[in-house]
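Let's take a walk through a protein model together. Keep the picture open beside the text and look up each part as it comes along.

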Amino acid sequence: MEVKVYSQEGREVKTLKVSERLFGSPWKPQFVHQVWLAEEAGRRRSTAHTKDRSEVSGGGRKPWRQKGTGRARHGSIRSPLWIGGGVTHGPRTEKVYARKLNKKARRKALLTILAQKLRDREILFLDDLKVSEPKTKKGLEILKKLSKISGFEKVDPKASALVILPQKDEAVWRAFRNIKHISLSEARNLNIADLLSHKFLIFPEDAHRVLEETFLK
């Protein structure tokens with residue numbers, strides 16, 4: 001499978017042969033959705049917490065004697081039956097929302113999304129990505145040039161795009177990080193949440209090699 005490679009000035013410079021294993025998976029939306037739900041559940045943090053009767057202060061003595069008062073028997077004013085008492089089956093910070101998700105399923109879902117984005121012409125391959133100085137102005141200039149490529153007219157600050165780098169480049173990071181709707185990620189840290197939350201992917205050629213080394217082992 002061959003794809004077109006562009007310079008950061010927006011000119012087509014060559015073609016690149018990409019792996020069918022990396023970009024040839026069939027689209028399986030239900031499977032991708034299941035994996036996405038599992039990953040989102042793993043990110044969820046349990047913050048709500050209620051106290052049970054053992055954690056509520058007070059209530060050490062029996063409120064009244066067991067018999068002879070005509071009232072119902074009670075052992076503590078911190079019973080869940082009382083106002084101000086403990087809560088039964090309330091939310092607890094100990095709850096874990098994570099679902100079991102094996103590495104193979106996560107990787108397969110990621111490759112499925114990459115393949116579909118390539119079919120939808122939402123991946124832009126670059127021969128290289130460098131900036132002369134780490135300024136937002138330079139990042140905007142590059143995006144403006146890339147938006148002139150046929151089919152990628154919306155690759156600009158108005159459309160969400162993920163710039164995938166082979167490794168962290170501080171100059172490039174600083175040039176793009178303040179641009180609205182533009183995010184950056186290292187190829188080895190790619191995940192399906194990033195892929196699904198951005199319409200376009202911008203791949204320098206070296207990042208493609210890192211993807212092959214990371215996800216095709």
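Predicted model: local features only at pLDDT ≥ 70, side-chain atom pairs only at ≥ 80, totals over all residues.

Residues are numbered from 1 along each chain as its sequence is written, and side-chain values use heavy atoms, with hydrogens and water left out.

Now for the pocket. The lining divides into seven nonpolar residues, no polar ones and three charged ones. Here Ala, Val, Leu, Ile, Met, Phe, Trp, Tyr, Cys and Pro count as nonpolar, Asp, Glu, Lys and Arg as charged, and the others, Gly among them, as polar. Among the lining residues are Glu 2, Lys 4, Tyr 6, Arg 121, Phe 125 and Phe 152. The largest share, four residues, comes from strand β1. A pocket is found on a 1 Å grid over the protein atoms alone, as an open set of points where a 1.4 Å probe fits, with protein on both sides within 12 Å along at least five of seven lines; lining residues have an atom within 4 Å of a point.

Next, find the sheet. Strands of a sheet pair through backbone hydrogen bonds, either parallel or antiparallel. This open sheet has six strands in the order β2-β1-β3-β6-β4-β5, and its pairing is mixed. Because β2 (12-17) and β5 (182-186) stand at the edges with a single partner strand each, one side of each is left without a neighbour in the sheet. Strands (E, at least two residues) and helices (H or I, at least four) are DSSP runs, numbered from the N terminus, and two strands pair if DSSP finds at least two bridges between them.

Look at β1 (residues 2-6) and its pairings. With β3 (residues 123-126), β1 pairs in the parallel sense over two bridges, and there Val 5 has Phe 125 as its bridge partner. With β2, β1 pairs in the antiparallel sense over five bridges, where Glu 2 stands opposite Lys 17. The hairpin of β1 and β2 has five residues between the strands, and in it Gly 10 takes a positive phi near 95°.

Some helices deserve a stop too. In α7 (residues 205-215), the buried residues include His 208, Leu 211 and Phe 215. Buried means under 20% relative accessible area, exposed over 50%, and partly exposed in between (1.4 Å probe, protein chains only). Lys 117 is found in helix α3, and Lys 117 counts as buried because its relative accessibility is 8%. Leaving out residues up to four places away in sequence, Lys 117 touches Glu 122, Ile 123, Leu 195, His 198, Lys 199 and Leu 201, where contact means heavy atoms within 4.5 Å.

Finally, visit two loops. Most residues other than glycine have a negative phi. His 89, however, has a positive phi near 60°. His 89 lies in the loop between α2 (29-43) and α3, and with 82% relative accessibility it counts as exposed. Arg 121 also has a positive phi, of about 60°, although it is not a glycine. Arg 121 sits in the loop between α3 and β3 and is partly exposed, with a relative accessible area of 43%.
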